Amino acid sequence: MRTKSIGLLCAFFLCAGIQVFGQITLDYYLPQNVSFNPAIPTPESVIGHQVGEWHITHDKLVLYMRELAKASDRVTIELIGTTHEDRPQVLLTITHPTNQIGIDKIRSDHVWLTYPNEADKFDIKKMPVVDYMGFSIHGNEPSGSNASMLVAYYLAAAQGPEIEAMLRNSVVLLDPSFNPDGLNRFSTWANMHKSKNVNPDPMDREYSEVWPGGRTNHYWFDLNRDWLPVQQPESKNRVAKYHEWKPNVLTDHHEMGTNSTFFFQPGVPQRTHPLTPELNQELTKKIGTYHAQALDSIGSLYFTEEGYDDFYYGKGSTFPDINGGIGILFEQASSRGHAQESVNGILRFPFTIKNQFNTALSTWKASVEMREELLDYQRDFYKRVLRDADNDNVKAYIFKAEKDPARAFHLAEILNAQEIDFYRPSREIRLNDQEFTQDNSYIIPLKQRNYKLIKAMFEKRTEFQDSLFYDISGWTYPMAFNVEYAEMSSRDYSRNQLGGKVDNMEFPKGQVLGGQSAYAYVFEWHGYYAPRAANKLLEKGVRLKVATSKFMGPEETEFDRGTILVSVANQSLSESELYYEMQQIAETDGLQIHALSSGLTGGVSLGSNSFVALEKPEVALVVESGSSYDAGEVWHLLDTRMQMLVTKLPEDRVASSAIERYNTLIITGGLNLSETGMENLKRWIGNGGTLVGIGSAVPWMSRNKLTSLKAVEVEYPGTEEITYDQIGNYSRSLYIPGGVFMSKLELSHPMAFGFYKDELPVFKRGTVLIEPSESKFANAGVYTEEPLVSGWISDANLEAMKGASTIRVGSLGRGRVVSLVDNPNFRAFWYGTNKLMMNAIFFGRIVDGYAAR
């Protein structure tokens, strides 16, 4: 993370002593008034070098933690899961040995404090406080994970009556690496470029990682945005352990720009989410005084209450705030290697580690000394939520996905991961002209201990104290999943409407209706995994066609546009083999597949030209340019969910004949192509290729005449009332920080196949706004006249957005250029618009040339 510097680090290197410039020792980090148990291994004795001399690799980090657990009766270690790259995620539990003996009861008693009707049975005066210390969720912000070895060593080896008392009154859960894959990627980069004579020149390659860098996980996701949606395995494993303990304090150790100092929370006061209690911020500020004292003692400058905020609950430092705890963000100026020049002098890696170590200890001290206060706050937080639920006009939420149960299932998965109670209806419920049945719906009663968490996920908020946000401003989950849902008031809701509580999540399986067919099978495109099913069949050489018109099947069954036709005759598979494949697809992809015995269907017949042959997608995702986040989301969607091969194609190969083997190219930003390279891309499109551009790639495609689009001209307010020191905030206020906006689809357009409602909530971030085409069919999607659903947007941007295009398909020769103005794959939890991405891949090339204007 980055922020502005507010001062000079001045003489901190002088204060730190000559050890910083030469060979450092363990004494450089540790307090001098504490003795240490010589039987406990130091980090250097296990990893082979002093902390800070090299960047710790994840394997050595885990090795040390395991050796520490073997040597100390204060420490236990457990495997809580593995990453995409099969690296272990480990968690240390550190406390007094007598606490270790009864640790299961300590955990159980602690969690009971979050149950309002049980909490008063427990005496908080006799209970330990629980800290969760987490390090380096951004892999290239490594001082945290390197400091975690020192923190673990200190807690295991420090001796004395004060230490013993603190251990008795606390349980520390220590996660040495929130992002093992990213940490290992970055440590490899930094270590492989280290010189014997460390070169602090910022231009040195050591300080310029190659794309995508080590910040993200394997699929290039920012894990510090995934605490709430829990879409990545690292997050699922971590959040499960969080809920198992419900810690009082969670620390999240980060880094920011090299020219800054050190930040600790609270953040900007007016940017705190309204669902966060005021007392939370007061306690955060009180804990901050301990950090200030610790940093003062070692001569480090710092700042607080500016730059960062406590708004989006998907971050590690804010997630605890909606779960009865205190989240604390630490941001250390980054050396981004071993030593780097800065405006404050040479910033060396060991110093960054020392700051992280000291603030971890100051957190521990604050937690112990504020133990009863923090435990009481936690207990009261959950008592208050029941009263808040009683006063809420909304008593429950109910949702379904009428024609796509898989989408509703995946929303329910998140509820389950966040320990939210939800149920099947006990009977059919009619609400707002919708029918919610026992089989297709879920009810979430608000009167439960996670009331605030539910509100954070389901609310629509459009009023804010501030117009600036560190991250997104709106994220309404039923909108993200595009499910049909309703708020239930006291008139609509009663407890007897709750059927069985959903405890075991079972994926909704489909079936082949009508048994084995000798003629044809059809399945609609509504299902989330319909593209996966189609790709499986195409991979096996099965010919598919897509319906561009509606038609009627047996018993007046209507099939929508986008329905996939699989004829039985003249296929690569025999009749029985094809039936077996259809059975497997129905079960694994959750689709209802219909066996047809005749091509004489209502409306258009199966042999009509309204059924268009599909080409097997050969997809390349252009990388090393554009947004690595957006690219990672495409890669993740195609690889892990749709099980499709996607080639990550380096940008420079777009200018070569390498692109000839693909029929689809996806770009997430502008490309740096020579004139020859651009001509090669245009020739490829003209010969029938499909270019799909997302977000900032859209204006780039237009500027380079790959498609004909015109940007909306926004009339921003003048700067007459702006002072010089407000320029930065003014310019940021012109940006759309990220929210939910309503669009309208042309459901007959191939880009809208699979959608059965013409209104589609989209996630928008940035300022790409495109004028609508005069041709109705060129506008596959536009923003509505009242587009704001949830989030902040300036009046000027909101006015400009009305009626602007969200989806455009242009033609260039025989090829097509698909412009997706908004990211349809945002952070992997925006399931509701993923089908736009898949439609661009499967159907972009079949868009009629008349419409592609």
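Predicted model: local features only at pLDDT ≥ 70, side-chain atom pairs only at ≥ 80, totals over all residues.
Trainee: What is a cavity, and what is a pocket?

Mentor: Both are found on a 1 Å grid over the protein atoms alone. A cavity is a set of points where a 1.4 Å probe fits but cannot get out; a pocket is an open set with protein on both sides within 12 Å along at least five of seven lines. Lining residues have an atom within 4 Å of a point. Grid points are joined across faces, edges and corners, and a volume is the space filled by probe spheres set on the points. This structure holds 4 cavities of 30 Å³ or more.

Trainee: Which element gives the most to the lining of the second largest cavity?

Mentor: The volume of the second largest cavity is about 90 Å³. Strands E32 (759-764) and E34 (805-812) are the elements that give two or more residues to its lining, and E32 gives the most, with 3. The lining residues include Leu760, Val762, Phe763 and Asp822. By class there are 7 nonpolar, 4 polar and 1 charged residues.

Trainee: How many residues line the largest pocket?

Mentor: The largest pocket has about 1,400 Å³ of space and 50 lining residues; Arg215, Asp222, Ser627, Tyr629 and Arg765 lie nearest its centre. Helix H18 (628-641) and E32 each supply at least two lining residues, with the largest share, 4 residues, from H18. The classes are 18 nonpolar, 17 polar and 15 charged.

Trainee: What volume does the second largest pocket have?

Mentor: It is about 840 Å³. Of its 41 lining residues, Glu402, Lys403, Asp404, Pro405 and Gln592 are the closest to its centre. Helix H13 (405-417) gives the most to that lining, 4 residues.

Trainee: Which residues touch the most other members of the largest nonpolar core?

Mentor: In soluble globular proteins, nonpolar side chains tend to be buried together. A nonpolar core is a set of buried Ala, Val, Leu, Ile, Met, Phe, Trp, Tyr and Cys residues joined through side-chain atoms within 4.5 Å. Buried means under 20% relative accessible area, exposed over 50%, partly exposed in between (1.4 Å probe, protein chains only). The largest core here has 186 residues, and Phe399, Tyr521, Phe523, Val566, Ile666, Leu681 and Leu691 touch the most other members. Beyond four places in sequence, the contacts of Phe399 (heavy atoms within 4.5 Å) include Leu411, Phe436 and Tyr485.

Trainee: In which sense do strands E20 and E24 pair?

Mentor: Two strands pair if DSSP finds at least two bridges between them. E20 (residues 520-523) and E24 (residues 564-567) pair in the antiparallel sense over 4 bridges. Tyr521 has Val566 in E24 as its bridge partner.

Trainee: Where are the peptide bonds that are cis?

Mentor: Most residues other than glycine have a negative phi, and most peptide bonds are trans. The bond from Trp211 to Pro212 is cis, with omega near 5°. Another cis bond joins Gln265 and Pro266, with omega about 20°.

Trainee: Is Lys246, with its positive phi, buried or exposed?

Mentor: Lys246, not a glycine, has a phi of about 50°. Lys246 counts as buried because its relative accessibility is 0%.

Definitions and conventions
Residues numbered from 1 in each chain as written. Heavy atoms only, no water. Nonpolar A, V, L, I, M, F, W, Y, C, P; charged D, E, K, R; others polar.
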